[in-house]
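Please read this report with the sequence and the model side by side. Find each residue as it comes up.

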Amino acid sequence: MADRHEVEPIVERAVTQVLQAHLTQMREDLVRRVLTVLPQDLGAASGADSGGANTGDLLRAVTAIQAGTTQKEILRALLEGLGHYSGRTALFVIRSGAASGWQGRGFEDNDAVKEFVLDTSRGLPERVLEERTAFSGQIIDMDPRFVDHFGGPADEQILMLPLVLKDKVAALVYVDCGLDASRRLDSAALELLTVSTSAWLELTSMRKQAPREGAGFAESAPSAPAQSASSFSDPFAGHTPRHSAAAAPAPAYEPAEVVAEAPAVAARAAGVAAGAGGGAAAMSPEDADTHRKAQRFARLLVDEIKLYNQAKVAEGRRHKDLYDRLKEDIEKSRSTYRKRYGSTVAATTDYFQAELVRSLAEDDVSIMGANFRR
């Protein structure tokens with residue numbers, strides 16, 4: 001009977017081909033299902049309450065969301081779509097138990113949203129997190145610091161919605177009418193767009209978690225069997241926090257053998273005990289699984305660094321000082337990785353370091369800068 005590790009790559013390729021073949025149909029089915037839940041009079045209601053927005057606007061907004069192929073594109077399309085039915089909107093990502101601002105629209109200073117951490121221990125944010133459903137209320141139900149910083153809406157009414165991924169609230173969406181007292185929130189349209197985004201992110205996750213043929217760990221170790229090619233992580237850290245709030249300071253960096261000793265890495269990943277004087281021993285299925293999980297976790301951590309530091313990543317690549325610009329995030333994530341896998345069999349390979357070079361520096365270690373120890 002064929003070994004599991006021999007069969008797994010074949011199954012993965014088949015799954016990839018099926019998902020690719022049916023993605024367009026799945027997308028069309030999702031649009032149809034979303035439209036079936038629209039109230040019959042939504043177009044008229046939207047036109048009256050939202051300054052001319054109608055069912056056509058909603059359809060275009062849903063289409064724009066589902067045209068997104070990356071996390072950033074999808075989330076930006078969501079915020080743009082919400083703008084048709086609200087005055088101000090902000091997205092707060094749940095990370096390590098905190099709700100951190102991602103982007104805002106309609107505020108006097110949208111960039112300030114990125115620096116704001118929302119208190120979710122009371123009021124509307126707490127209720128939405130606990131019950132995982134949308135709730136409307138008044139601005140008094142919001143974090144007072146938010147009101148002091150950004151001011152309240154003209155009509156005092158607010159709406160908060162959960163962006164749910166894998167049965168967990170990964171982000172909170174805040175909307176209000178802004179400074180226009182005559183504008184009304186279209187709760188049905190706002191919730192529909194948020195739910196559509198959750199569904200599309202889940203579908204995108206399914207697609208990208210299916211290994212790409214010829215990709216995965218084979219990029220650095222061609223002989224490694226059955227490695228997942230998933231480079232997708234949820235756009236939020238709620239499922240796997242980047243680092244614990246109580247995490248200890250990152251230890252001093254140790255040179256990574258994985259970058260300088262690719263042959264040894266390949267040997268270890270293939271299940272060979274490298275450096276054993278010519279002897280070789282196959283990995284147990286449990287050890288191989290730990291290696292795969294460690295690599296996936298490293299990719300998730302680096303994907304998160306990229307997602308939440310897009311401007312710094314672009315500048316760092318341009319000026320070749322990426323490590324200096326992202327040192328705090330990198331070392332916190334490194335500490336998280338080591339806490340989880342530093343005492344396991346996967347510690348023989350520094351997957352986190354390898355992923356920094358592969359994904360963050362795009363396989364050019366010089367982009368990390370002089371202070372990044374090889």
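## A leucine in helix 12

Leu326 sits in helix 12. This is a predicted model. Is Leu326 buried or exposed? Leu326 counts as buried, because its relative accessibility is 1% and the cut-off for buried is under 20%.

Which residues does Leu326 touch, once neighbours within four places in sequence are left aside? Its contacts are Ile305, Asn309, Lys312, Val313 and Leu360. Take Ile305 from that list. Leu326 and Ile305 are 21 residues apart along the chain. Their C-alpha atoms are separated by 8.2 Å.

## Helix 12 and its two partners

Helix 12 covers residues 322-341. It packs with helix 13, residues 351-360. It also meets helix 11, residues 310-319. The table sets out both pairs.

| Helix pair | Angle between axes | Distance between axes | Residues of the contact |
|---|---|---|---|
| Helix 12 and helix 13 | about 145° | 11 Å | 8 nonpolar, 2 polar, 1 charged |
| Helix 11 and helix 12 | roughly 145° | within 8 Å | 3 nonpolar, 2 polar, 4 charged |

Start with helix 13. Helix 12 passes helix 13 in a right-handed crossing. On the side of helix 12, the residues are Leu322, Leu326, Ile330, Ser333, Arg334 and Tyr337. They meet Tyr351, Phe352, Gln353, Leu356 and Leu360 of helix 13. The residues of this contact include 8 that are nonpolar and 1 that is charged.

Why do such residues in a helix face one way? An α-helix has 3.6 residues a turn, so residues three or four places apart point the same way.

Now turn to helix 11. It brings Lys312, Val313, Glu315, Gly316, Arg317 and His319 to the contact. Helix 12 answers with Leu322, Arg325 and Leu326. Here the residues include 4 that are charged and 3 that are nonpolar.

Leu326 takes part in the contact with helix 13. Leu326 also takes part in the contact with helix 11.

## After helix 13

Glu362 is found in the segment after helix 13. What does Glu362 touch, not counting residues up to four places away in sequence? It touches Arg317 and Val357. Glu362 and Arg317 are 45 residues apart along the chain. Their C-alpha atoms are 9.0 Å apart.

## One side of helix 5

Next, look at helix 5, residues 123-131. Which of its residues are buried? Leu124, Pro125 and Val128 are buried in helix 5. They cover an arc of only 100° around the axis, so they lie on the same side of helix 5. What covers the buried residues includes strand 3 (117-118), strand 4, strand 5 and strand 6 (168-176).

Most residues other than glycine have a negative phi, and most peptide bonds are trans. Two residues in this model are worth checking against that rule.

Arg132 is in the loop between helix 5 and strand 4 (135-138). Arg132 counts as partly exposed because its relative accessibility is 43%.

Glu156 has a positive phi of about 70°, and it is not a glycine either. Where is Glu156? Glu156 is in the loop between helix 6 (144-150) and strand 5 (157-165). With a relative accessibility of 39%, Glu156 counts as partly exposed.

## A glutamate in helix 7

Glu191 lies in helix 7, residues 187-209. Glu191 is partly exposed, because its relative accessibility is 36%. Glu191 touches Ala134 and Leu161, not counting residues up to four places away in sequence. Glu191 and Val173 are 18 residues apart in sequence. In space they are 9.7 Å apart, C-alpha to C-alpha.

## The chain overall

Now step back. How many helices and strands does the protein chain have? There are 13 helices and 6 strands. Of its 374 residues, 45% count as buried.

Consider contacts between residues at least 6 apart in sequence. Of these, 67% join residues at least 24 apart. The contact of Glu362 with Arg317 links residues 45 apart along the chain.

Last comes the surface. The protein chain exposes about 17700 Å². Carbon and sulfur atoms supply 51% of that area.

Key:
Residues are numbered from 1 along each chain as its sequence is written. This is a predicted model: local features need pLDDT of at least 70, side-chain atom pairs count only at pLDDT 80 or more; totals for chains, interfaces and linings use all residues. Side-chain values use heavy atoms; hydrogens and water are left out. Axes are lines fitted to C-alpha atoms, for helices over the stretch in contact, and angles run from 0 to 180 degrees between N-to-C directions. A crossing is left-handed if the near helix is turned anticlockwise from the far one by less than a right angle, and right-handed if clockwise. Contact means heavy atoms within 4.5 Å. Ala, Val, Leu, Ile, Met, Phe, Trp, Tyr, Cys and Pro count as nonpolar, Asp, Glu, Lys and Arg as charged, and the others, Gly among them, as polar. Buried means under 20% relative accessible area, exposed over 50%, partly exposed in between (1.4 Å probe, protein chains only). The arc is that of the directions from the helix axis to the C-beta atoms. Accessible areas come from the Shrake-Rupley method with a 1.4 Å probe; for residues, only the protein chains shown count as cover.
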